Amino acid sequence: MARGDQIYVLRELLNLNGVYEHHGIDCGDGTVIHYRKPSEVIERTTLATFSQGQRVRAKTYPTTFIPDVVVDRAFSRLGENRYNLLFNNCEHFATWCKTGVSHSQQIKDFIPWIVKGDPSQLETPVDRALQGTDLQQAKAALDRALGQIKVVWDDVQPRYKRAKNEAQAWGKVAETSLQRHREDLARAALLRKVNYQKEADKLEQELQKLATMTETLLRNSVKLAP
């Protein structure tokens with residue numbers, strides 16, 4: 001490990017694929033900047049606090065910022081408390097510091113979301129799990145609840161991105177058409193932009209609903225951890 005490295009440790013989370021990764025940025029002086037749990041605030045802590053006794057690993061990329069820039073980027077967000085499981089978690093933060101791109105591979109690989117259906121239906125198994133007197137049964141109930149929302153992420157995420165990109169593209173077409181005094185083309189382009197933006201907004205609302213429910217499930221899983 002070295003100054004500016006993106007480091008991570010594996011932490012247990014019941015039977016949720018066995019473990020999850022907790023990421024941070026190595027400051028090179030025995031401290032780490034990361035989205036700390038359970039405060040969900042970006043803090044600078046000791047390496048021991050970050051690792052909790054687990055083996056520390058370093059993430060590698062083909063191209064990254066130089067170490068000083070990585071650390072400066074991490075310092076620039078100290079105190080931030082805008083944690084979001086799907087959009088702004090510890091891995092998103094650390095990857096942004098290291099590469100400039102906010103990305104979480106483990107979320108892309110694992111955390112699913114529902115396009116159709118009502119995420120609120122998961123509230124019943126969650127409540128049942130929390131009220132159960134048997135720990136193993138409670139864990140199993142939570143695992144089943146998580147299983148109900150497991151949908152292939154890669155099948156849907158591109159649709160959201162595509163709708164956003166199309167809305168932006170048609171907006172530019174409308175601007176160009178107006179500059180060329182083609183109001184007819186501009187109106188047609190604006191209509192397409194509005195339709196794509198509506199689709200993107202709808203998908204984003206579904207993402208936010210699932211983000212809330214998924215995070216609730218994970219929080220409850222942590223509460224049940226020994």
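Me: What makes Glu43 count as partly exposed?

Reply: Its relative accessibility is 21%. Buried means under 20% relative accessible area, exposed means over 50%, and partly exposed is in between, with a 1.4 Å probe and protein chains only. The value for Glu43 falls in between, so Glu43 counts as partly exposed. Before we go on, this is a predicted model, where local features need pLDDT of at least 70, side-chain atom pairs count only at pLDDT 80 or more, and totals for chains, interfaces and linings use all residues. Residues are numbered from 1 along each chain as its sequence is written, and side-chain values use heavy atoms, with hydrogens and water left out.

Me: How do you know that Arg36 forms a salt bridge with Glu43?

Reply: The closest N and O atoms of Arg36 and Glu43 are 3.1 Å apart. A salt bridge is a side-chain nitrogen of Lys or Arg within 4 Å of a carboxyl oxygen of Asp or Glu, so this pair qualifies. Arg36 is partly exposed, at 31% relative accessibility. The structure holds seven salt bridges.

Me: What makes S3 and S4 a hairpin?

Reply: They have four residues between them, and they run antiparallel, joined by six bridges. Two strands pair if DSSP finds at least two bridges between them, so S3 and S4 pair. You can look for Ile33, which stands opposite Arg44 in S4. As for the names, helices (H or I, at least four residues) and strands (E, at least two) are DSSP runs, numbered from the N terminus.

Me: Why is S3 called largely enclosed by the rest of the structure?

Reply: Because five of its six residues are buried.

Me: Which residues does Glu80 touch, not counting residues up to four places away in sequence?

Reply: They are Tyr35, Glu40, Val41, Ile42 and Asn88, where contact means heavy atoms within 4.5 Å. Glu80 is in the loop between helix H2 (67-75) and helix H3 (90-99).

Me: How do you know that the side chain of Glu80 makes a polar contact with the side chain of Tyr35?

Reply: Their distance is 2.8 Å. A polar contact is a pair of N or O atoms within 3.5 Å; within protein, one must be able to donate a hydrogen and the other to accept it, and residues adjacent in sequence count only if both atoms are side-chain atoms.

Me: Is Glu80 buried or exposed?

Reply: Glu80 is buried, at 11% relative accessibility. Glu80 also forms a salt bridge with Arg82, their closest N and O atoms being 3.2 Å apart, while Arg82 is exposed at 59%. Salt bridges that share partners join Arg77, Glu80 and Arg82 into one network.

Me: What makes the pair of Asp68 and Arg3 tie together parts that are 65 residues apart in sequence?

Reply: Asp68 forms a salt bridge with Arg3, with the closest N and O atoms 3.0 Å apart. Asp68 lies in helix H2, and Arg3 is in the segment before strand S1 (6-12), so the pair ties those parts together. Asp68 is partly exposed at 42%, and Arg3 is partly exposed at 35%.

Me: How do you know that the buried residues of H2 line one face of the helix?

Reply: The buried residues in H2 include Val70, Val71, Arg73 and Ala74. Seen down the axis of H2, the buried residues fall within an arc of 160°, so they line one face. The arc is that of the directions from the helix axis to the C-beta atoms.

Me: Which residues make up the largest nonpolar core?

Reply: The 12 residues are Ile25, Cys27, Ile33, Tyr35, Ile42, Val70, Ala74, Tyr83, Cys90, Phe93, Ala94 and Cys97. S3, H2 and H3 are the elements that give two or more residues to this core, and H3 gives the largest share, four residues. The term means a set of buried Ala, Val, Leu, Ile, Met, Phe, Trp, Tyr and Cys residues joined through side-chain atoms within 4.5 Å.
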